[in-house]
Amino acid sequence: MEIFKYLEKYDYEQVVFCQDKTSGLKAIIAIHDTTLGPALGGCRMWTYATEEQAIEDALRLARGMTYKNAAAGLNLGGGKTVIIGDPFKDKNEEMFRALGRFIQGLNGRYITAEDVGTTVSDMDLIHEETNYVTGISPTFGSSGNPSPITAYGVYLGMKAAAKEAFGSDSLQGRTVSVQGLGNVAYTLCEYLYKEGAKLVVTDINQKAIDRVVNDFNA
C-alpha cells in the first residue's frame, strides 16, 4: 500500500500508529474527517493476517464513520481504531490503558467506543486514562453496551424495507439470513425470533453459531 497516495485519494487527515512494548499493544488510529466535529468511531480488536490489512481496515472503517455520522445529523466526524491481536487471548489491562493515553494525546480529535472484539469493560479501562471514550459503564455516567440499541435500529430498518417490498412490515414467516453473530447480531436474532422469522445463520466461530441455534431455533 502506498499510504500517502491512499490518504490523499480519500482525503484522510491523520493516521496514528500506537505501540506499547510492555502491554503488547499494536494499534492504528485513523481519523478521516473532522469537518463536522471530533472523529467518532469504535475500537476493533482482530487477528489481522498482516499489518497492511489492519491499516486498510482502520482507514476503510474511519471513512465509513464520517458518512454514517453525517447521515445521522451528528456534529461528529469519522475515525476508527484497530488493535492487532486475538481478543480472546491477548487482552490485558495495561493494553487498553496505554491506548487510552494515546487517545488522550489527540486532545479530543478522536472519541472511541466498542466495536468487534472489545467490550464495555475494555472501554472502562480506556476511561482510566482519557475522557474521550463512550459506551462505558453506566456507573461512570454513560450508556453502557451500545449493541442492543444498534440491533434495534437494524431491526426497524428491516421492517421498513419489508413494508416497502412486501406491503407489510411483518417479518413473521420470512426467512432471514444473518452473517456474523456478534453482540449486535445476537440481539437482532432475538427480535427476529420473537416476531416469528426463520433464521439462517453463519459465523467463523462455531460457539456463536451454536448459541443462536440453541436460543432461537436457527
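1. In this predicted model, the residues Tyr6, Tyr10 and Tyr12 come together as one aromatic cluster. The count of aromatic pairs in the structure comes to seven.

2. Tyr155 is buried, at a relative accessible area of 11%, whereas Tyr191, at 27%, is partly exposed.

3. Two arginines are placed over aromatic faces: Arg174 lies over the face of Phe166, at 3.7 Å from the ring centre, and Arg211 lies over the face of Tyr186, at 3.6 Å from the ring centre.

4. On the cysteines, the structure holds zero disulfides. For Cys18, the closest cysteine sulfur is that of Cys43, and because the two sulfurs are 9.6 Å apart, they are too far from each other for a bond, the cut-off being 2.5 Å. Cys18 is buried, with a relative accessible area of 3%, and Cys189 also counts as buried, at 0% relative accessibility.

5. As for the overall layout, the protein is divided into domain 1, covering 3–140, and domain 2, covering 146–216; the C-alpha centres of domain 1 and domain 2 lie 27 Å apart.

Definitions and conventions. Residues are numbered from 1 along each chain as its sequence is written. This is a predicted model: local features need pLDDT of at least 70, side-chain atom pairs count only at pLDDT 80 or more; totals for chains, interfaces and linings use all residues. Side-chain values use heavy atoms; hydrogens and water are left out. Buried means under 20% relative accessible area, exposed over 50%, partly exposed in between (1.4 Å probe, protein chains only). Domain bounds come from an automatic or database domain assignment. Rings of Phe, Tyr and Trp (its six-membered ring) pair if their centres lie within 6.5 Å; planes under 30 degrees apart count as stacked, over 60 as edge-to-face and the rest as tilted. A charge sits over a ring if NZ of Lys or CZ of Arg is within 6 Å of the ring centre and within 35 degrees of the ring normal.
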